[in-house]
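Hello,

Here is the structure we talked about. Please open it first, then read my notes below.

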Amino acid sequence: MAGIQFISIIFINKLLIFIENDLIRYIRIAISTLGIFIFITSMVTMDDSWRAGIDDSQKTKIVTTGIYKYSRNPAFVGFDLFYIGTALTFSNVFIIIIACASILMFHLQILEEKKFLPIAFGKEYLDYKKKTGRYFGTK
């Protein structure tokens with residue numbers, strides 16, 4: 001997918017669908033940068049408990065501090081903001097479709113993890129889930 005995005009940015013500028021304005025472009029870039037910052041903060045906060053996907057053989061501890069105090073899925077929020085910012089910055093049809101598909105795939109992964117985490121962490125996760133939203137400010 002990244003290759004298609006890159007090619008569409010370079011070769012398919014005719015598909016731009018947003019009005020170009022320098023201030024608006026900087027805001028779009030800021031959204032992407034914020035996404036990268038949130039993602040990196042999530043990784044650093046997770047430290048040794050970082051894992052990709054669902055792997056019940058990998059034993060980690062639940063992280064509920066730092067950025068995870070405000071969101072159960074800040075890494076995915078970071079990815080989403082990055083994709084949204086990139087789609088708005090380069091704003092061609094292909095990038096917008098890929099961004100939407102990526103965000104949907106991340107959400108589906110979150111829903112799968114939602115089934116796994118109570119098994120892996122038990123009551124500690126269920127208590128965390130009661131007080132911390134899936135995304136920032138949502139439950």
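**Charged pairs and nonpolar cores**

E112 is partly exposed, with a relative accessible area of 40%. (Buried means under 20%, exposed over 50%, and partly exposed in between, using a 1.4 Å probe and protein chains only.) Its partner in a salt bridge is K115, which is exposed at 54%. The closest N and O atoms of E112 and K115 are 3.1 Å apart.

This is a predicted model: local features need pLDDT of at least 70, side-chain atom pairs count only at pLDDT 80 or more, and totals for chains, interfaces and linings use all residues. Residues are numbered from 1 along each chain as its sequence is written, and side-chain values use heavy atoms, without hydrogens and water.

The structure holds 2 salt bridges. (That means a side-chain nitrogen of Lys or Arg within 4 Å of a carboxyl oxygen of Asp or Glu.) The other one joins D127 and K123, at 2.8 Å from N to O. D127 is partly exposed at 32%. K123 is exposed at 58%.

Where do D127 and K123 lie? Both are in helix α5 (residues 123-131), 4 residues apart, about one turn of the helix. (Helices are DSSP runs of H or I, at least four residues, numbered from the N terminus.)

Now the inside. The largest nonpolar core has 13 residues, with I62, Y68, L117, F121, Y125 and Y128 making the most contacts in it. (A core is a set of buried Ala, Val, Leu, Ile, Met, Phe, Trp, Tyr and Cys residues joined through side-chain atoms within 4.5 Å.) A second, separate core of 7 residues includes F76, Y83, I95 and A99.

Best wishes

Conventions:
Helices (H or I, at least four residues) and strands (E, at least two) are DSSP runs, numbered from the N terminus.
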